[in-house]
Amino acid sequence: MTNLGDRGLGLLIAAFGIAVIYMALQLPEPMAGSHIAYGPGFFPVLLGIAAVAAGVALAVIRPGSVEDEDTVASPHAGRPRLAGPLLVLLAMLAYVYLSELIGFIPLAAVTLAILLIFGGMRFLFAVALSVVASVLIYLMFSKGLLVPLPRGLLQPWAIWL
């Protein structure tokens, strides 16, 4: 991407982050009787801050300070440029439509493994990492944050989840 394109995209991402922060700060505070110290806007504010930081970094970095994309050996050589984004879109659609049936852990593990392998990671390492990451994410959300995630095929073993 050109220097002007990088700067414009960076500023657009930063503006989006500022909008997310603004809207997240409009969300209600936690109820007085609850023991939760953060409200529903906590994570969106963090994501907005990350978007602002990434956008500013993209807008400020000089194009010559990072290796040109064409000079770096890519694991995607010979693949269409839209293959990666389309694969991510398919992964999101698969989660939306199959998560209740299959469950979070198996679907996340398979999806993440496919994305990692497509990104150039070795097969066995990608599979091991995706299984461990899926279980840890499930435990973090379901046990730590009390966000119910679909169990799907793992419902018979729900007592352990």
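In this predicted model, a helix is a DSSP run of H or I that is at least four residues long, and helices are numbered from the N terminus.

**View 1. The chain as a whole is built from helices.** The chain holds 5 helices and 0 strands, and its elements, read from the N terminus on, follow the order α-α-α-α-α. Of the 161 residues in the chain, 20% are buried. The chain exposes about 11,700 Å², and carbon and sulfur atoms supply 76% of that area. Among contacts between residues at least 6 apart in sequence, 63% join residues at least 24 apart.

**View 2. L107 is a residue of helix α4.** Helix α4 covers residues 104-118, and L107 lies in it. L107 counts as buried because its relative accessibility is 7%, and buried means under 20%. When residues up to four places away in sequence are left aside, L107 touches A94, Y95, L98, S99 and I102. The C-alpha atoms of L107 and A91 are 9.3 Å apart, while the two residues are separated by 16 residues along the chain.

View 3. Y97 is exposed because its relative accessible area is 65%, and exposed means over 50%. On the surface, L86, V88, L89, L90, M92, L93, Y95, V96, Y97, L98 and L101 form a nonpolar patch, and together these residues have about 1,100 Å² of accessible area.

**View 4. Y95 and L98 link the two previous views.** Y95 and L98 are among the residues of the nonpolar patch on the surface, and both are also among the residues that L107 touches.

Notes:
Residues are numbered from 1 along each chain as its sequence is written. This is a predicted model: local features need pLDDT of at least 70, side-chain atom pairs count only at pLDDT 80 or more; totals for chains, interfaces and linings use all residues. Side-chain values use heavy atoms; hydrogens and water are left out. Patches are made of residues with over 30% relative accessible area and no salt bridge: like charges are joined within 9 Å, nonpolar side chains (Val, Leu, Ile, Met, Phe, Trp, Tyr) within 5 Å. Accessible areas come from the Shrake-Rupley method with a 1.4 Å probe; for residues, only the protein chains shown count as cover. A salt bridge is a side-chain nitrogen of Lys or Arg within 4 Å of a carboxyl oxygen of Asp or Glu. Buried means under 20% relative accessible area, exposed over 50%, partly exposed in between (1.4 Å probe, protein chains only). Helices (H or I, at least four residues) and strands (E, at least two) are DSSP runs, numbered from the N terminus. Contact means heavy atoms within 4.5 Å.
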